[in-house]
Amino acid sequence: MDTYLKNSRHILNDQKELKNLVIVMGNESCDLDSAVSSLVYAFFLHWTYANSSEVNRHFSDTIFVPILNVDKEDLPIKTEVMYFLNKNSISIDNIICRDQVDVELLLSKYHGQLILVDHHILSTRDANLFAYVKNIFDHRPKDVIAWKYDVDIVESNIVEVGSCASVICSEIVKNKANIEFLNQNRDSTYLLYGTIVLDTVNFLVSADKARPLDFEMAELLEKILSIENCDRHKKQLFEDLLRARTDYSNLNVHHLLKRDLKIMNKISIPGLPMLVEEYLQMKDSMNALETFSTDNNCSAIVLMGLKVQDDVVNRDMAVCGTKETIKAIVDGFCKSTSPNLGLAEKKSHSGKCRYFWQSNTKASRKQIIPLLKALDL
Ligand SMILES: [Mn+2]
């Protein structure tokens with residue numbers, strides 16, 4: 001997989017011999033399912049093409065490129081994606097992200113075709129790519145209202161299962177001969193396997209994510225990978241991926257603001273995986289808040305901190321912005337009785353933020369958002 005990614009990136013940069021381009025792209029959340037589905041399916045298409053004996057083809061004139069639908073600088077936020085690619089020896093340098101190329105220009109220049117995986121309705125940012133969509137692989141219910149594709153042109157494979165990786169896997173093995181792809185490329189096979197395990201919450205019955213196709217594909221992949229003691233293996237793999245998803249140790253002050261973000265009107269509400277107090281003590285955090293505020297055109301930022309230690313939940317909060325907005329928000333929060341947030345103001349390090357300890361630890365962002373809405377700022 002890594003060699004393939006390196007080569008296709010090289011051809012795309014060089015563009016000398018390039019004639020035809022196929023791009024495989026996932027959705028904007030760029031979760032593990034989206035990332036793996038686009039990487040593996042693009043590689044599979046390349047493999048099929050390279051092994052085809054039908055025509056004597058020049059390999060370099062047609063390329064299949066997976067594009068991760070996230071800006072490169074934000075990729076580290078997708079911690080489970082970073083972890084799992086790393087674990088499967090795939091170099092992040094060879095991965096192409098959405099902002100690194102002009103997708104529309106490339107598609108128009110090279111008879112481009114776009115294959116969507118793990119979503120089927122384009123986001124606003126990708127709306128200009130509509131005419132290039134040729135094929136869809138998804139596992140979410142078909143959005144019949146937003147669906148504008150012509151069924152004669154666009155082929156769609158939408159199956160409501162736990163993971164799009166299962167849909168991709170079943171597409172690969174539809175032709176028995178292609179199982180050889182999974183035999184030869186164990187990194188791809190393991191990427192699909194881990195994604196299905198994570199998306200189905202390790203086939204947990206109460207999570208109700210796994211469907212028969214997920215079971216069937218996972219079993220097939222286990223056989224190909226000759227995994228022994230599957231239950232123990234899956235449990236460990238699931239725990240590792242889950243841990244990676246919440247591991248923020250490699251994230252900087254900018255990433256931490258974007259990692260778990262809700263935006264309401266012009267108010268941004270980042271949920272931090274630590275106390276706000278700790279965040280504000282990190283180097284450059286004030287700069288990060290200012291950059292973030294400008295980039296997102298915020299009128300205010302409500303930072304919400306959360307730390308669970310020895311089963312005790314701690315919450316704190318900071319409200320940043322202009323003096324008037326801070327005052328309106330803080331007054332609203334302090335007046336609130338359902339819920340009463342139990343805010344106690346502490347000394348702040350900056351004139352641009354007011355900092356609070358929150359004694360009502362049950363009040364999360366879900367409760368804060370209606371309060372902000374009611375303020376009508
Ligand atoms: Mn998905």
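The questions and answers below concern the metal site and the sheet of this predicted model.

User: What makes D33, D118 and H139 donors of the manganese ion?

Analyst: A donor is an N, O or S atom within 2.8 Å of the metal. The OD atoms of D33 and D118 and the NE2 atom of H139 lie 2.1 to 2.3 Å from the manganese ion, so they fall within that cut-off and count as its protein donors. Water is not among the atoms, so the site may look incomplete.

User: How do you know that the pair D33 and D118 ties together parts that are apart in sequence?

Analyst: The donors follow the spacing D-x84-D-x20-H along the chain. D33 belongs to helix α2 (residues 32-51), whereas D118 sits in the loop between β4 (113-117) and β5 (133-138), so the pair links parts that are 85 residues apart in sequence. D33 and D118 are both buried, that is, under 20% relative accessible area.

User: Why are β3 and β6 called edge strands?

Analyst: The six strands form an open sheet, with parallel pairing, in the order β3-β2-β1-β4-β5-β6. β3 (96-97) and β6 (155-158) each pair on one side only, and are therefore the edge strands.

User: What makes β5 and β6 a pair?

Analyst: Two strands pair if at least two bridges are found between them; β5 and β6 have four, in the parallel sense, and so meet the criterion. As one example, F137 has N157 in β6 as its bridge partner. Helix α5 (residues 164-173) packs on the sheet, touching β4, β5 and β6, and its direction makes about 115° with that of β5.

Methods: Residues are numbered from 1 along each chain as its sequence is written. This is a predicted model: local features need pLDDT of at least 70, side-chain atom pairs count only at pLDDT 80 or more; totals for chains, interfaces and linings use all residues. Side-chain values use heavy atoms; hydrogens and water are left out. Donors are N, O and S atoms within 2.8 Å of the metal (3.2 Å for Na, K and Ca); water is not among the atoms, so sites may look incomplete. Helices (H or I, at least four residues) and strands (E, at least two) are DSSP runs, numbered from the N terminus. Buried means under 20% relative accessible area, exposed over 50%, partly exposed in between (1.4 Å probe, protein chains only). Contact means heavy atoms within 4.5 Å. Axes are lines fitted to C-alpha atoms, for helices over the stretch in contact, and angles run from 0 to 180 degrees between N-to-C directions.
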